[in-house]
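Hi,

Here is the structure I promised to pass on to you. Please have a look at it first, and then read on for my notes.

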Amino acid sequence: MSETVHQLSAALDPGSIAIIGASSDPNRIGGIALDHLARLGFKGQVYPVNPKYPELAGFRCYADVESLPAAPDVAVLALAAEDVLPMLERCHARRIGAAVVYAAGFAEVGGAGVQRQNELVEFCRRTGMQVIGPNCMGLANLQTRAITSFVPTFRAFPPDEQTGTLSLVTQSGSMCADLYVMGWMMNMRFRHFINTGNEACVDYADYLDYLASDTATKAIAGYVEGLRDGPKFIAAATRLRQANKPLILLKAGESERGSQVTESHTAALAGNRAIYRAAFSQLGVMQARHTVHLTDLAYLSRFLEGKRVGRKVMVASISGAMGALTADLLSAEGLELPVLPQAGQDRLLDIVPGIAMVCNPVDMTGQLFSKPRLATEILQTLLDSDLADVLLVFATGSLFERIAPELIEVATGSSCLVVMIATSGQPETHQRLEQAGIAVFPDAARACEALGSVVRRAGNAERAEYWHELRQAAMAAPRPAAPPPARGDEYEVKQWLAQFGVPVGAAEVAASPEQAEAIARRMGGLSAMKILSPDVAHKTEVGGVRLNIRPEDAQAAARGIEEAARAAAPQAELRGLLVQPMESGVGELIVGVTRDPVFGLAMTVGLGGIMTEIFQDVAHRLLPVDETIALDMLQELRGAALLQGFRGRPKADVQAAARAIAAVSRAALACGPGLTDIEINPLLIKAEGQGAVALDALLLTTEKTAK
């Protein structure tokens, strides 16, 4: 294990626990965890600390932490907020390396609480102590019964002899308890119960990193409101994916940043929700839509080991109507229902004469009662077709009980994922199916929604590893010596971008209207003209752009641009005019990079015009982005057909667009930590084989980058 994980093991897998502020009342915060340890079978050492009592819950009680016979692995502080830091100092003096802090009253309340949390952070930095929380409900290792949580849920739903392999990690204590109960009701058992609280000293990603090394944890379900350290999360999620441990997260607070005016369109398009979704997808994280979906995904993850998980689903149902409905639900999730080959259909017609649905879905009908092993023959025929990645079976009532033994027989030894939808049935039958590796869902919509997410994760795994390797190479690559221009205008930005392969086209700078006319006449044909200024991000808003200018009209157009810009932006530094020939193409893109506060540099690509402004038709990725990923982004757009020769339109040079997008990514990575935005708007895509060109460019930096 890494050093961080080794230190967290003292809190997550302790052999000895001190409860400081222990209570004789098993319903008080200082008494609940002590009661759990006493009643649920923790085999390690327990040290209650409270000067009022000689003994608590059957354990010898100590007057203070200095009286303890040995330094425990973890100390639980059931104390008021103002008493936390002095007690942590005393724990550190006793060489206690980890602590769980229940108390609220820190950064979450603002004011003095922020200062109190800052002091706690500084204490952890100075001492190296692993402090869980504050403002948390604690932890529970349900395998060893090392429970340092004051959640009373474990009384009604205590850990039992079943070995749990799912770990819960949530930023909300009540959510952790709710998910525990929801999972319990679906016959799931748990390995770790982790409530992270304020994460003052131990980050959410630190727990994920620990669980990646925890051999008893096979999957992680979590709830997050906001991540604090994007790079650390990326590293932990990568470790989990490479260990083949599904990470399933429910993200709350997904509202966009708002509609505030920004200097780049990209910053407005790349909101909190969009970047989180892009990051989760790139990392192979399953993002749940709601708590039931999260629980269903955690449940289904139990049955994935050793199974192939793909898009092709064969459906067998005792009800033709339910078969059709299930087909609709699966299609809505992007899954496929391959047609059963004719030989298989003929076999089914022989087995069940008069059957109405044989191609997929298959209607097994009520004739299952009339012939022994009829279900076996139908289900085996579907599996023998070699078309199924997933076999989905619907039955209810007495037919569920009738089919279950035969489904178990057919599924045994199959590499196909088998899922049963049963709206009723005996609990014992459900349990036998699960023991045979068959997931049982009470509802078709829930089963199909979970399958869709699981299949998408499987499809994302290879792309996630590809991006990981690309990112590692980009991080190791040396940065170019030349920084981006300080307060660069459009011409300077384009020239800097060109060195990375961004196609910028011909353009010249005119210092006066007379020079602008001379340049336009030399270029010939129609030209475009813009005000040149590092202080004007949106030129059209100040009247700083004219298009389709004839050479003889160039001087007048230039004077008009300068006058409009001076009137609209009197404080702006004007550096002349940019003159370039008019360009035509098949379509326009907006290509931008902005700095997300959590994950860092993220790219947005969208079709220009109303597709971006009104329909928000954009794709997002964390950097780096190469040509392969750029093509994926373009294909992801709802309007992608417009670039593929839609209704007789010429095909766009999509490969050239992908090369330009990848070049923007390289440029952004070369900027260093001071980059805030790069935007190409628009990137004009010409007809196939004719390339692409950046018609406008914006680069915004801080002083860190602009040297």
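Before the rest, a word on the source. This is a predicted model, in which local features need pLDDT of at least 70 and side-chain atom pairs count only at pLDDT 80 or more, while totals for chains, interfaces and linings use all residues. Residues are numbered from 1 along each chain as its sequence is written, and side-chain values use heavy atoms, with hydrogens and water left out.

Back to the cysteines. A disulfide is a covalent bond between the sulfur atoms of two cysteines. Taking a disulfide as a pair of cysteine sulfur atoms within 2.5 Å, the count is 1. Cys124 and Cys201 form a disulfide with their sulfur atoms 2.4 Å apart. This pair links distant parts of the chain, 77 residues apart: Cys124 is in helix H4, and Cys201 is in the loop between strand E11 (190-195) and helix H7 (204-213). Helices (H or I, at least four residues) and strands (E, at least two) are DSSP runs, numbered from the N terminus.

Now the overall layout. The protein is divided into domain 1 (1-147), domain 2 (159-301), domain 3 (311-454), domain 4 (505-579) and domain 5 (585-699); these bounds come from an automatic or database domain assignment.

I looked at how domain 1 meets domain 2. Their C-alpha centres lie 25 Å apart. The contact (heavy atoms within 4.5 Å) takes 31 residues from domain 1 and 26 residues from domain 2. Together the two domains bury about 2,300 Å², with 61% of it on carbon and sulfur atoms. Buried area here is the accessible area (1.4 Å probe) that two parts lose on being put together, summed over both. Of the area that domain 1 buries against domain 2, Leu12, Leu142 and Gln143 supply 24%, more than any other three residues.

What holds across this interface? The rule finds 0 salt bridges there, a salt bridge being a side-chain nitrogen of Lys or Arg within 4 Å of a carboxyl oxygen of Asp or Glu. It does find 13 residue pairs in polar contact across the interface of domain 1 and domain 2, both residues at pLDDT 80 or more. A polar contact is a pair of N or O atoms within 3.5 Å; within protein, one must be able to donate a hydrogen and the other to accept it, and residues adjacent in sequence count only if both atoms are side-chain atoms.

Elsewhere, salt bridges do turn up, and the count comes to 36. One of them joins the side chains of Asp160 and Arg189 (2.9 Å, N to O). Asp160 lies in the loop between helix H5 (153-156) and strand E10 (166-170) and Arg189 in the loop between helix H6 (173-185) and E11, so the pair ties together parts 29 residues apart in sequence.

Lastly, some backbone details. The peptide bond joining Asn360 and Pro361 is cis, with omega about 5°, and Pro361 sits in the loop between helix H13 (342-351) and strand E16 (362-363). Asn681 to Pro682 is cis too, with omega near 10°; Pro682 lies in strand E27 (residues 675-685).

Best wishes
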